[in-house]
Amino acid sequence: MSFATSNCHQDIAVTVRRSRIDGYGVFADEVVKLGAKLGGLTGEAITVAEARRRAQGRQRIMLVEVSASRAIDATRSADAMRFTNHSCSPNARIQVEDGAVEFFAMRDLAIGDEITVAYGATHHEGRLACRCAQPGCSGWL
């Protein structure tokens, strides 16, 4: 299965493919240096209350809260970064500023590395098993 993705919000070349972590992931298609901007995430602007309603009972969600009252639902977004999986030992970070969601490398990445972030607080509220398999994994999202 493949997904239509757009590179209009990408700063580096990436591929979306099956991930050993969960479902699909986003993988670097070029060497990336520490601190480099990887890309952004867009989607439907919704309220946090609506985001929480949409998240109920779903294992795979693509929601990012951008403020105390607003969220982005990237479920229908063409941005490849919507497939970024969680890791307890991430190689990238999410930065939310002025409603924009951007991803930055936390270390150098090689071609083929899966780009991962630490999700932080999630709508899963500690009820979804973490599958990152990293040393020191917290076990839950």
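Mentor: We may, bearing in mind that the model is predicted. Let us begin with a polar atom of the side chain of Q10, which lies 3.3 Å from the backbone oxygen of L38.

Trainee: What makes this pair of Q10 and L38 a polar contact?

Mentor: The limit for a pair of N or O atoms is 3.5 Å. The distance between the Q10 side chain and the backbone oxygen of L38 is 3.3 Å, so the pair lies within that limit. Q10 itself is found in the segment before β1, and it touches L38, G39, G40, A80 and M81, not counting residues up to four places away in sequence.

Trainee: Why is Q10 called buried?

Mentor: Q10 has a relative accessible area of 13%. Buried means under 20%, so Q10 is classed as buried.

Trainee: How do you know that β1 and β2 pair?

Mentor: Pairing requires at least two bridges. Five bridges join β1 to β2, so these strands pair, and they run antiparallel. One of the partners is F27 in β2, which is bridged to T15. The two strands form a hairpin with five residues between them, and G23 in the turn has a positive phi of about 55 degrees.

Trainee: What makes β5 and β6 a pair?

Mentor: Three bridges join β5 to β6, and at least two are needed, so they count as paired. E65 stands opposite A71 in β6. These strands belong to an open sheet of three strands with the order β4-β6-β5.

Trainee: Why is the contact of R53 with E50 called a salt bridge?

Mentor: The closest N and O atoms of R53 and E50 are 2.6 Å apart, and the limit is 4 Å, so the term applies. Both residues lie in helix α1, three residues apart, about one turn of the helix. R54 also forms a salt bridge with E50, at 2.8 Å. E44, E50, R53, R54 and D73 are linked in a network of salt bridges.

Trainee: What makes E65 and R52 a salt bridge?

Mentor: Their closest N and O atoms are 3.3 Å apart, within 4 Å, so the pair qualifies. This pair links distant parts of the chain, with E65 in strand β5 and R52 in helix α1, 13 residues apart.

Definitions and conventions: Residues numbered from 1 in each chain as written. Predicted model: local features only at pLDDT ≥ 70, side-chain atom pairs only at ≥ 80, totals over all residues. Heavy atoms only, no water. Helix = DSSP H or I, 4+ residues; strand = E, 2+ residues; numbered from the N terminus. Buried < 20%, exposed > 50% of the residue type's maximum accessible area, 1.4 Å probe, protein only. Polar contact = N/O pair within 3.5 Å; in protein donor to acceptor, adjacent residues only side chain to side chain. Contact = heavy atoms within 4.5 Å. Salt bridge = Lys/Arg side-chain N within 4 Å of Asp/Glu carboxyl O.
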